[in-house]
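These are my notebook entries on a structure that I am reading for the reader who meets it here. I record what I looked up, entry by entry.

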Amino acid sequence: MSVLVVGSIALDTVKTPMAEHADLLGGSASYAALGASFFSPVNLVGVVGDDFPKEHVELFRDRRIDLDGLQTVPGKTFRWSGEYMWDLNTRETRSVELNVFEHFTPTLPGGYSETPVFLLANIGPNLQNHVLDQAAKPKFIIADTMDLWINIALDELLRLLKRVDMLILNDGEARQLTKETSLIKAAAKIRGFGPKYVVIKKGEHGALLFGDGKFFSCGAYPLEDIHDPTGAGDTFAGGLAGWLAAQNGQAINFDALRKAVVYGSILASFNVEAFSLERLRTLTQNDIAGRYEDFRLMQQFEIIE
Ligand code: AMP
């Protein structure tokens, strides 16, 4: 089974206390698609300008990522710039240039509407809703979001939440969306908005999964060196969605999602070890399997049947 990924494809400039790099491949869909591609084929929906480097297109192509849904239009690619503080958890957006994203309407090419797993990575909820309008009957729909949309497009986001099976967001966003301080109450409230399952990410403190009256806490891998946290959340969502899609025909229930959260966490932990998508470029299935074993021992949980 494959995953449809829609989101932003960007050229990022990222500054950390240690280094600064300009014009890196970024965007929620780039990270999510590459993350998912370790487990399943991906149908990518997005837009780039005619300045988008060919080598990035080649990277997607090398990874079984179908590009029929990638629009290349005259103009400049979406650009984002951010700066991290010393804790590498706090980030300030320095600039956003929408460019070709401003007039982007995601269109699903023939066949994409039948994709069984949809990952609506971080973009405006109006665009996420528009993608769902074109979907046949996906087996599982996952949405990601960010503080910006909670601030400026809440009604559209609430309309989206009625249509998705799972929402992934970080702890600050969960509190902002629900006005609850307790993450347990926040998750219950979000499930009341529509999604059967909720994942709340807590950065270096791991992620929480809620649903079916159950709860799972997945710790983050204790990394010695983090070079660039950008895209950790998107890679997490991509790994989770890709792993689910790869479980051909198996029921998507809490137990499956628990394991998917572990794989999402593994992919995210690798991604932050280098700038942009550089670590995902060299990552192997052996690396993933090794870290899965580390996770199992570290957490002492029975994630293996
Ligand atoms: P994350 O670190 O998971 O928040 O994701 C960072 C990525 O999101 C960067 O590569 C940016 O290009 C992209 N991004 C930043 N702002 C937006 C936005 N408003 N809409 C879509 N993507 C964005």
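**Entry 1**

I looked up what covers the buried residues of α3, and the cover includes β1 (3–6), β8 (117–120), β9 (140–144), α4 and α5 (154–161). I note that the model is predicted, that local features need pLDDT of at least 70 and side-chain atom pairs pLDDT 80 or more, while totals for chains, interfaces and linings use all residues. Residues are numbered from 1 along each chain as its sequence is written, and side-chain values use heavy atoms, with hydrogens and water left out.

Helices (H or I, at least four residues) and strands (E, at least two) are DSSP runs, numbered from the N terminus. In α3 (residues 125–133) I found P125, L127, Q128, N129, V131 and L132 buried, meaning under 20% relative accessible area with a 1.4 Å probe and protein chains only. Q128 counts as buried because its relative accessibility is 0%. Its side chain reaches the backbone oxygen of D144 at 3.0 Å. Setting aside neighbours within four places in sequence, I listed L120, A121, I123, D144 and L160 in contact with Q128 (heavy atoms within 4.5 Å).

**Entry 2**

I then followed the pairing, for which DSSP must find at least two bridges between two strands. β11 (residues 197–201) and β12 pair in the antiparallel sense over 4 bridges, with V198 opposite F210. β12 and β13 (residues 214–218) pair in the antiparallel sense over 5 bridges, and there F210 stands opposite F215. In the hairpin of β12 and β13, which has 2 residues between the strands, D212 takes a positive phi near 50°.

**Entry 3: The ligand**

Which residues come nearest to the ligand? Of the 17 residues around the ligand, I noted S8, D12, G27, R91 and G231 as nearest; a residue is counted if one of its heavy atoms lies within 4 Å. A side-chain N or O atom of D12 is 2.5 Å from a ligand oxygen. A polar side-chain atom of R91 lies 2.8 Å from an oxygen atom of the ligand. For G231, a backbone N or O atom lies 2.8 Å from a ligand oxygen.

Conventions. A polar contact is a pair of N or O atoms within 3.5 Å; within protein, one must be able to donate a hydrogen and the other to accept it, and residues adjacent in sequence count only if both atoms are side-chain atoms. Buried means under 20% relative accessible area, exposed over 50%, partly exposed in between (1.4 Å probe, protein chains only).
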